Structures are given as structure tokens and as C-alpha cells.
Amino acid sequence: MSYSYIDSDSLFEQFRPQISSSSILFLDTEFIRVSTYFPKLGLLQLHLNDVDYLIDPVTINQKKSVWDSLYSDEKLFVFHSCKEDLDVLQVSAGRLPDKIFDTQVAAAFIGYGPSLGYATLVEKICGISVDKDQTLTDWLARPLSEKQKHYAARDVSYLPVLFEHLTEQLSTQGKTDWFNEEMSSILESKSQEIILDDLYLEISGAWQLYPSELAVLQHLAKWRYLTAVKEDKPQNFVLREEVLLELSRKRPQNERELAQSEISPQQKNRYAASILQCIRDGMNCPTEQLPSRIKRMIDFPHYKHDFKQLKHKIEMIAKDHDLPVELLGSRKLINQYLLWIYEGKKADGEQPKLISGWRNLSDSAENLAVQGEDE
């Protein structure tokens with residue numbers, strides 16, 4: 001299998017007209033995200049006009065030229081399992097595509113099963129075995145070996161065949177509109193801004209804390225995120241979640257007390273002043289502004305019953321439409337719907353995904369009411 005390796009500005013300028021004239025781009029990215037907050041792009045793969053191209057962002061200087069050409073004319077970006085690729089593009093190019101097609105999601109819609117890997121899908125549709133032996137490659141190291149390059153090229157070689165087959169099947173099964181809506185939903189979720197004051201809600205074990213402790217955690221979680229972004233480190237490299245919880249409970253007032261926590265000496269030396277300030281800010285939170293205690297789904301009286309009943313209904317509907325249960329109604333979507341009911345948010349206007357959009361299970365099922373609805 002041949003490929004074209006583009007590792008200079010002059011080579012890319014020769015290739016650029018092909019990108020500009022294409023309305024569909026078949027893409028993949030190779031990146032590293034081990035000790036950094038942001039993913040680092042190591043290689044960009046494109047399949048155009050029956051040729052696999054490997055664009056090397058490490059050696060190309062005029063990166064803006066690359067992104068300008070890719071994002072011109074509202075092209076359709078075709079990926080397999082696109083969410084991490086979108087993260088990479090958002091960081092590297094500073095923007096998301098206007099339109100996407102995810103072959104993994106399309107395969108789920110037409111009955112191939114949920115979350116199929118690229119190699120498995122290629123084997124199912126094309127009858128070809130694709131090696132995945134370079135998964136742990138350091139894509140920022142140079143030079144890349146021929147084996148690494150061949151591996152990277154094959155990740156886009158079969159995307160056009162997958163795209164053609166899946167597009168046809170989506171149309172045949174009458175699921176094209178459903179799929180397009182799901183693609184728009186993915187793009188929308190990736191474009192949403194992070195709510196800094198809500199980050200504490202994502203900390204495992206936060207439900208155990210009292211409001212006065214949650215106020216401290218709220219400040220610490222916000223500071224940790226901003227620090228991770230500023231220093232380009234994973235958030236747990238700044239402070240682990242269990243340390244955040246410990247600090248929120250014990251609320252040390254000085255460096256001596258801080259040193260008695262599970263914080264490392266290096267973290268104490270680097271972050272002591274900021275941590276202590278977060279603790280003070282949290283402790284000074286007015287009573288009327290304290291966060292409410294976090295209520296877990298399991299704490300609602302009828303949750304287990306309601307979840308079981310709702311999941312059963314979704315399983316029947318998924319079977320009728322040859323859809324994976326995970327796509328139609330995942331645990332996350334079920335919980336979103338139940339919380340919407342339990343917290344009495346029906347009057348707020350915005351509806352949960354289970355009863356809106358292409359899912360619209362309120363029409364598909366006879367009754368999505370749950371036992372705890374009238375409480």
C-alpha cells in the first residue's frame with residue numbers, strides 16, 4: 001500500500017489545491033495526551049482521490065495554511081470515532097468542522113453494534129484485516145518508521161468505502177435524518193463552554209460533603225482546572241480528586257496544616273498559597289450562597305424501580321428499530337430524563353434527549369411515566 005508523506009511547507013502547497021477542490025475529507029489524527037492537558041497532534045491523515053496522505057504537523061511550519069485549506073467551503077469531515085479527533089482539531093486548529101460523519105456511529109444506527117473499532121468495521125464491510133499494532137506509538141517522535149507510516153495510512157484507506165456503504169444503508173433504513181441530528185448533537189456538545197462553578201459536581205465523592213465543604217471544593221475544583229489549562233497538565237497532575245475532597249473536609253488554614261494532608265511536598269511548594277486562598281474563599285461563602293448537598297440518583301426513593309422499567313421500555317424500542325440500546329438510551333440519558341422528572345423541571349422548556357429529537361421516546365413508547373413522577 002502506497003502513501004504520500006507531506007513533511008514540508010513546499011510539499012503541502014503542492015497538495016493544497018486537492019484539498020480545496022474536495023467537498024469531503026476522510027480524516028484521522030494521531031496524537032499524544034499522556035502528561036498534558038491538551039492533546040498534541042503528531043500526524044494528520046487524509047484520503048483524497050484514492051491516495052492516502054500523511055501530513056506532518058511537527059515539521060510543517062505554516063500550520064495556518066493547513067487549517068485554512070481544511071476548513072474552507074464547509075467541507076464534510078468523515079472520521080471513525082470522532083470525539084477525540086474533534087478535541088485534537090479544536091486545540092490545533094482552534095475550531096470545529098461545520099459538518100461531520102462518524103462511521104462508528106453510523107454503523108451503530110444500521111445495526112452493526114455499538115462502539116465498533118475501525119479494524120472490526122473494515123473487516124465486516126470490506127472483508128479486510130487491518131493491523132492495530134502501532135497503537136502505543138509516540139507520534140511526536142521523529143523520524144517515523146515505515147511501519148508507523150503504513151499503519152497511519154491504513155486508518156484512512158478504507159473510510160471512503162465505509163462512508164459509501166453506511167450512507168446507502170442509512171438511507172435504505174430511513175435513518176439518515178436521525179444520524180445527521182446525532183452528528184449535530186456531537187458538534188454542539190463539543191462547542192459548549194465549561195461552567196467553571198459547576199466543575200465540583202464532577203468530583204467523585206463530592207456527594208459526601210456538606211454545603212460548607214462543597215463551597216471549598218467548588219473553589220478548589222475551579223482553581224485546579226484553570227491551573228491545568230495554564231500549565232498544560234492533566235488535572236490529577238495538579239491535585240488528585242481525593243486530595244481535593246480531603247482539603248475540603250479538613251480546610252487547613254496554613255502551610256503547616258496543609259503539609260499534614262496527602263498533598264505532595266512538590267505540590268505544596270508550588271501551590272500552597274493558591275490552595276489556602278481557595279479554602280478561605282470557600283469558607284467565606286455566605287450561608288445563602290452555599291451549594292446544596294449533592295443528591296445521587298440512588299437517593300431518590302423510586303430510582304431503582306424507575307430505571308429498571310425505563311430501561312426495559314428502551315430495550316424493546318431499540319429492538320424494534322434495530323438500534324443498540326446504548327445509542328438509543330444510555331444510562332446517562334436515562335438518568336438525565338429521570339432527574340428532569342424528579343426535580344420538577346418539566347416547566348423549564350428544554351426537554352431531555354430521551355423525549356426530544358430523533359429519539360422522541362414519548363411518541364414511540366406508550367408511556368414513559370415513572371413511579372416517582374408525581375412526587
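Of the 375 residues of the chain, 46% are buried, meaning under 20% relative accessible area with a 1.4 Å probe and protein chains only; exposed means over 50%, and partly exposed lies in between. The model is predicted: local features need pLDDT of at least 70, side-chain atom pairs count only at pLDDT 80 or more, and totals for chains, interfaces and linings use all residues. Residues are numbered from 1 along each chain as its sequence is written, and side-chain values use heavy atoms, with hydrogens and water left out.

The secondary structure comprises 17 helices and six strands. These are DSSP runs numbered from the N terminus, with helices (H or I) of at least four residues and strands (E) of at least two. The C-alpha trace spans about 65 × 60 × 35 Å along its principal axes. Among contacts (heavy atoms within 4.5 Å) with a separation of 6 or more, 67% join residues 24 or more positions apart.

A cavity is a set of points where a 1.4 Å probe fits but cannot get out. A pocket is an open set with protein on both sides within 12 Å along at least five of seven lines. Lining residues have an atom within 4 Å of a point. Points are joined across faces, edges and corners, and a volume is the space filled by probe spheres set on the points.

The count is one cavity of 30 Å³ or more. The largest cavity holds about 60 Å³. Its lining consists of L41, L44, I55, D56, P57, I60, K63, V66 and W67. The largest share, three residues, comes from α2. Seven lining residues are nonpolar, none is polar and two are charged. Here Ala, Val, Leu, Ile, Met, Phe, Trp, Tyr, Cys and Pro count as nonpolar, Asp, Glu, Lys and Arg as charged, and the others, Gly among them, as polar.

The second largest pocket has a volume of about 600 Å³. Its lining has 27 residues, with T29, E30, F31, E84 and Y151 nearest the centre. At least two residues each come from β2 (24-32), α3 (83-92) and α6 (146-157). The largest share is that of β2, with six residues. By class, the lining has eleven nonpolar, eight polar and eight charged residues.

Helix α16 (residues 331-342) has twelve residues. From first to last C-alpha it reaches 16 Å, close to the 16 Å expected at 1.5 Å a residue; the expected span is 1.5 Å times one less than the number of residues. Its buried residues are L333, I334, N335, Y337, L338, W340, I341 and Y342. They pack against α14 (303-320) and α15 (325-328). G344 follows α16 and has a positive phi, near 65 degrees.

Two further sites were examined. Q267 lies in helix α13 (residues 265-283). Its relative accessibility is 11%, so Q267 counts as buried. A polar atom of the Q267 side chain lies 3.1 Å from the backbone nitrogen of S264. Leaving out residues up to four places away in sequence, Q267 touches F237, V238, L239 and A272.

N360 sits in the loop between α16 and α17 (361-364). With a relative accessible area of 24%, N360 is partly exposed. Under the exclusion of residues up to four places away in sequence, N360 touches K353, L354 and I355. The C-alpha atoms of N360 and W207 are separated by 31 Å, and the two residues are 153 residues apart along the chain.

How values were computed:
A polar contact is a pair of N or O atoms within 3.5 Å; within protein, one must be able to donate a hydrogen and the other to accept it, and residues adjacent in sequence count only if both atoms are side-chain atoms.
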